[in-house]
Amino acid sequence: MRDQAVSSRRRPRRRPVRSASSTGLRQGRRFSLRSILRAIPTMVYLAVLILAAWLLYYSIASPYFAVREISVSGNKLLDAGQARDATGALGQNVLLLNGQDIEQMLDRISSVRSARVTLALPGRLDIDVTERTPLVQWQAREGSFLVDKDGVVFSRQDPPSPVTVVKSGDGPPMEVGARIDPNILESIKTLETALPEQAGIRPPWFDYSPSNGISVEVQGGPRIVFGDASDLDTKIAALGAIRKHLDASKAQAATIDLRFKDRPVYVLASTAPAKSGQAR
């Protein structure tokens with residue numbers, strides 16, 4: 001009886017026998033689940049890529065983002081329509097425009113010193129213009145032109161407020177976009193300030209020619225030729241001495257030439273020859 005009990009204890013346990021079909025089914029389920037889990041990131045990526053491509057196509061092709069409004073501010077001389085036409089942006093997709101490129105286009109307009117462009121969704125373009133400031137109104141054979149302090153001839157319009165008038169009938173042909181030597185303009189403005197203070201002369205305009213430089217014509221008096229504004233104090237002192245001498249001799253000069261500071265000359269209104277400007 002004891003032997004039978006021992007033998008019964010030592011008898012190995014039988015393991016359950018699983019069929020090949022059930023094992024393969026479970027392995028197949030595990031494999032398919034793993035494949036799905038691994039494929040999810042790729043599927044999400046493809047979905048995002050497709051969505052981004054659609055949004056990009058919609059943004060470019062949709063008329064919703066076409067520029068329909070262009071506002072212009074800061075302009076007085078510049079016509080707003082000219083600024084809008086210069087951009088070439090009307091009807092274009094605002095997402096494809098480059099603000100700096102548009103600013104460069106506007107800078108090519110002669111009256112524009114600088115421009116700032118702002119693009120806004122869904123289809124708006126704002127232009128803030130800084131125009132050139134007229135320093136003088138240059139009257140040439142071809143007409144009247146506005147010139148800024150840098151010598152840029154930028155407009156044929158009348159100035160928004162009165163400026164110094166310069167008449168030049170024998171200079172080179174004038175047109176918008178041309179340039180005048182800034183030193184000439186600086187000399188004219190210097191004389192415009194100095195003549196009333198030091199000589200009591202307020203010329204209504206200035207004349208300029210390449211040969212004689214700057215000159216003014218005193219109403220009821222002589223034409224005074226300065227050349228340029230160099231050695232201005234010496235020239236004005238000579239002018240005062242000549243005018244004093246003419247008053248003392250009760251003579252009237254047609255021209256007073258101060259271009260050469262060491263040898264000022266005046267020409268009497270009669271046919272008398274030119275004389276030295278030094279009073280005796």
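Predicted model: local features only at pLDDT ≥ 70, side-chain atom pairs only at ≥ 80, totals over all residues.
Residues are numbered from 1 along each chain as its sequence is written, and side-chain values use heavy atoms, with hydrogens and water left out.

**Exercise 1.** Find the element that holds Glu103, and the residues that Glu103 touches.

*Solution.* 
- Step 1: Look in helix 4, where Glu103 lies. Helices (H or I, at least four residues) and strands (E, at least two) are DSSP runs, numbered from the N terminus.
- Step 2: List the contacts (heavy atoms within 4.5 Å). Leaving out residues up to four places away in sequence, Glu103 touches Ala115, Arg116 and Val117.
- Step 3: Helix 4 (residues 99–107) packs on a sheet and touches strand 2 and strand 3.

**Exercise 2.** Work out the strand order of this sheet and which strands stand at its edges.

*Solution.* 
- Step 1: Recall that strands of a sheet pair through backbone hydrogen bonds, either parallel or antiparallel. Two strands count as paired if DSSP finds at least two bridges between them.
- Step 2: Read the order. The open sheet has 3 strands in the order 1-3-2, with mixed pairing.
- Step 3: Find the edges. Strand 1 (69–73) and strand 2 (112–120) each have a single partner strand, so one side of each is left without a neighbour in the sheet.
- Step 4: Check one pair. Strand 2 and strand 3 (residues 124–131) run antiparallel and are joined by 8 bridges; Leu119 has Leu125 in strand 3 as its bridge partner.
- Step 5: Helix 3 (residues 80–87) lies across strand 1 and strand 3.

**Exercise 3.** Which distant parts of the chain does the salt bridge between Glu69 and Arg124 link?

*Solution.* 
- Step 1: Look at the pair. The closest N and O atoms of Glu69 and Arg124 are 2.6 Å apart.
- Step 2: Glu69 is in strand 1 and Arg124 in strand 3, 55 residues apart.
- Step 3: Glu69 has 42% relative accessibility, so Glu69 counts as partly exposed (between the buried limit and the exposed one, which is over 50%). Arg124 is partly exposed too, at 29%.

**Exercise 4.** Find a network of salt bridges, and describe one of its pairs.

*Solution.* 
- Step 1: Name the members: Arg113, Arg132, Asp148 and Asp150 are linked in a network.
- Step 2: Pick one pair. Asp150 and Arg113 meet at 3.3 Å, N to O.
- Step 3: Locate the pair. Asp150 is in the loop between strand 5 (143–147) and strand 6 (153–155), and Arg113 is in strand 2, 37 residues away.
- Step 4: The structure holds 13 salt bridges.

Note on methods. Axes fitted to C-alpha atoms, helices over the stretch in contact; angles between N-to-C directions. Salt bridge = Lys/Arg side-chain N within 4 Å of Asp/Glu carboxyl O. Buried < 20%, exposed > 50% of the residue type's maximum accessible area, 1.4 Å probe, protein only.
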